[in-house]
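Keep the structure open beside the text as you read.

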Amino acid sequence: MGRRTSLGLLVVLLAAVGWAVSLWLPEEAPANRRMPPVATEEPSSSPAPQPVDVRKVRDDLAGLATVARRPDGMAAYERSVFGGGWADSDGNGCNQRDDVLLRDAVEVRTGQQGRCDHDVLAGTWVDPYTGRRLVLTDLKEARQAQAIQIDHVVPLSEAWRSGASRWPEDRRRAFANDLDNLLAVDGPTNMSKGDDDPAGWRPRKGFQCAYATRWIETKARWSLAVDDSERRALSEMLGYC
């Protein structure tokens, strides 16, 4: 009987020692952990937003003309009315895509292509719309090139509806390549945004102030109008400033 008790105590002691040792050992990574994809999308802290003069932006919004949202507002619209591909508007040898990718990158690797001395080959970006971190290793590969896209904050079709349909061709081409209306963003998020205005689509809450400010400044700079629902949505987003 005493022997059985001793064995029982030994088993309990060994179990306790094993439990104590396990507290000091690191957890083993699961064998089926997946490696991250080439274009990763991870939560990331975004850079601190620039200060906004909210009173001025609200004044700019109040100064925009109002236009009715008509169902036929897209009549005669085609992407080609704003010109073809990206232009080199500032004459630096690189088109607007490379200029925006370079400007918005956290880290970037560039090369020489023709006259362009900053042909963007790879890099890291923080998508302003979602806050996710995008790491791309080869932007010459089609899938990765689509993972980061250059977005017109005020879409071309929205500009068409709100005044650009009356512009001459050279003014529309200039609008399509306006760097202040362009952002490097997550590809799928850009596709979900489509040509919606702020009444139909909004970025994450932390970027709504900056988004509304850029939208209003673009429309004011190009003398474009807003409709009532768009104006209300912009005013609401400025409440996050």
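The angle itself is roughly 180 degrees, and the two axes come within 11 Å. Please bear in mind that this is a predicted model.

Which residues bring the pair together? On the α2 side they are V54, V57, R58, L61 and A62, and they meet R231, L234, S235 and L238 of α9. Sorted by class, this contact has six nonpolar residues, one polar residue and two charged ones.

## The chain as a whole

Stepping back, the protein chain holds nine helices and six strands. Of its 241 residues, 39% are buried.

How far along the sequence do the contacts reach? Taking contacts between residues at least 6 apart in sequence, 68% join residues that are at least 24 apart.

## Helix α8 and what covers it

Helix α8 spans residues 208-221, which makes 14 residues. From the first C-alpha to the last, α8 reaches 20 Å, close to the 20 Å expected at 1.5 Å a residue.

The buried residues of α8 are Q208, C209, Y211, A212, T213, W215, I216, T218 and K219. What lies over them? The cover includes α2 (54-63), α5 (156-161), α6 (169-176), α7 (187-193) and α9 (228-238).

## How α8 meets α9

Two packed helices are described by the angle between their axes and the distance between the axes. For α8 and α9, the angle is about 135 degrees and the axes are 8 Å apart. The two helices are therefore oblique to each other, and their crossing is left-handed.

In this contact, Q208, C209, Y211, A212, T213, W215, I216 and K219 of α8 meet E230, L234, M237 and L238 of α9. By class, the contact has eight nonpolar, two polar and two charged residues.

Most residues other than glycine have a negative phi, and most peptide bonds are trans. Against that background, S223 has a positive phi, near 55 degrees, although this residue is not a glycine.

Where is S223? It sits in the loop between α8 and α9, just after α8. S223 is exposed, because its relative accessible area of 61% is over the 50% cut-off.

## Three aspartates in loops

D90 is found in the loop between α2 and α3 (96-104). With 45% relative accessibility, D90 counts as partly exposed. Leaving out residues up to four places away in sequence, D90 touches Q96 and D99. D90 and L179 are 89 residues apart in sequence, and their C-alpha atoms are 9.8 Å apart in space.

D178 belongs to the loop between α6 and β6 (182-186). Is D178 buried or exposed? At 11% relative accessibility, D178 counts as buried. Its contacts, again without residues up to four places away, are R221 and W222.

D195 is in the loop between α7 and α8, and at 33% relative accessibility it counts as partly exposed. Apart from neighbours within four places in sequence, D195 is in contact with P155, S157 and R161. The C-alpha atoms of D195 and V154 are separated by 8.1 Å, and the two residues are 41 apart along the chain.

## N190 in helix α7

The last stop is N190, which lies in helix α7. N190 counts as buried, because its relative accessibility of 10% is under the 20% cut-off. Not counting residues up to four places away in sequence, N190 touches Q149, I150, D151 and V185.

Notes. Residues are numbered from 1 along each chain as its sequence is written. This is a predicted model: local features need pLDDT of at least 70, side-chain atom pairs count only at pLDDT 80 or more; totals for chains, interfaces and linings use all residues. Side-chain values use heavy atoms; hydrogens and water are left out. Helices (H or I, at least four residues) and strands (E, at least two) are DSSP runs, numbered from the N terminus. The expected span of a helix is 1.5 Å times one less than its number of residues. Buried means under 20% relative accessible area, exposed over 50%, partly exposed in between (1.4 Å probe, protein chains only). Contact means heavy atoms within 4.5 Å. Axes are lines fitted to C-alpha atoms, for helices over the stretch in contact, and angles run from 0 to 180 degrees between N-to-C directions. Angles under 35 degrees count as roughly parallel, over 145 as roughly antiparallel, 65 to 115 as roughly perpendicular and the rest as oblique. A crossing is left-handed if the near helix is turned anticlockwise from the far one by less than a right angle, and right-handed if clockwise. Ala, Val, Leu, Ile, Met, Phe, Trp, Tyr, Cys and Pro count as nonpolar, Asp, Glu, Lys and Arg as charged, and the others, Gly among them, as polar.
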